[in-house]
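The points below may be read alongside the sequence and the model.

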Amino acid sequence: MATITAKVKIYVQKEQGERLQMTTNAYRQAWNFLSEKVVESKELNQINLNNLYYKELRNRFGLKSQMAQSVMKTVIARYKSAKSNGHECCFVKDKD
């Protein structure tokens, strides 16, 4: 089966562009927030992250349910990928 890749450019009205920018900023900020929490706790289990941070992701960043879940899945996938590629730096505790 062949894969087809397309490059799409979307033109939006100014108001829609501003809302899209706000949404992407909230998603990025939530991703950074959760990423810090994962580094601190070493937790990569979605159920545990959900129990710990779901409400905060929704309230603090104004994310809808699916966006909050997407943040968790993306952060987990990125750290699991980094870990499987031998990048343990994020999971090594400081030797203070």
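1. A contact, as the word is used in this note, means heavy atoms within 4.5 Å. Helices (H or I, at least four residues) and strands (E, at least two) are DSSP runs, numbered from the N terminus. Buried means under 20% relative accessible area, exposed over 50%, and partly exposed in between, with a 1.4 Å probe and protein chains only.

2. On the source: this is a predicted model, in which local features need pLDDT of at least 70 and side-chain atom pairs count only at pLDDT 80 or more, while totals for chains, interfaces and linings use all residues. Residues are numbered from 1 along each chain as its sequence is written, and side-chain values use heavy atoms, with hydrogens and water left out.

3. The protein chain has three helices and zero strands, in the order α-α-α along the sequence. Its C-alpha atoms fill a box of roughly 50 × 40 × 25 Å along the principal axes. The radius of gyration is 17 Å, whereas a compact globule of 96 residues would have one near 12 Å; the value is taken over C-alpha atoms, and the globule rule is 2.2 Å times the number of residues to the power 0.38.

4. Of the 96 residues, 21% count as buried. Among contacts with a separation of 6 or more, 61% are made by residues 24 or more positions apart. The protein chain exposes about 7800 Å², of which carbon and sulfur atoms supply 50%; accessible areas come from the Shrake-Rupley method with a 1.4 Å probe, and for residues only the protein chains shown count as cover.

5. The structure holds two aromatic pairs. Rings of Phe, Tyr and Trp (its six-membered ring) pair if their centres lie within 6.5 Å; planes under 30 degrees apart count as stacked, over 60 as edge-to-face and the rest as tilted. Phe33 and Tyr53 are edge-to-face, because their ring centres are 6.0 Å apart and their planes stand at 90°. Phe33 belongs to helix H1 (residues 14-41) and Tyr53 to helix H2 (residues 46-61), so this pair ties together parts 20 residues apart in sequence. Phe33 is buried at a relative accessible area of 8%, and Tyr53 is buried at 12%.

6. Phe33 also forms a tilted pair with Phe61, with 5.6 Å from centre to centre and 55° between the planes. Since Phe33 lies in H1 and Phe61 in H2, the pair ties together parts that are 28 residues apart in sequence. Both Phe33 and Phe61 are buried.

7. Does the length of helix H3 agree or disagree with expectation? The 20 residues of H3 (residues 65-84) should span 28 Å at 1.5 Å a residue, and the end C-alpha atoms are 29 Å apart, which agrees. The expected span is 1.5 Å times one less than the number of residues.

8. The buried residues of H3 are Ala68, Val71, Met72, Val75, Ile76 and Tyr79. Seen down the axis, they fall within an arc of 120°, so they line one face of the helix; the arc is that of the directions from the helix axis to the C-beta atoms. These buried residues pack against H1 and H2. On the other side of H3, Gln66, Lys73, Arg78 and Ser84 are exposed.

9. Just after H3, Gly86 takes a positive phi of about 85°.
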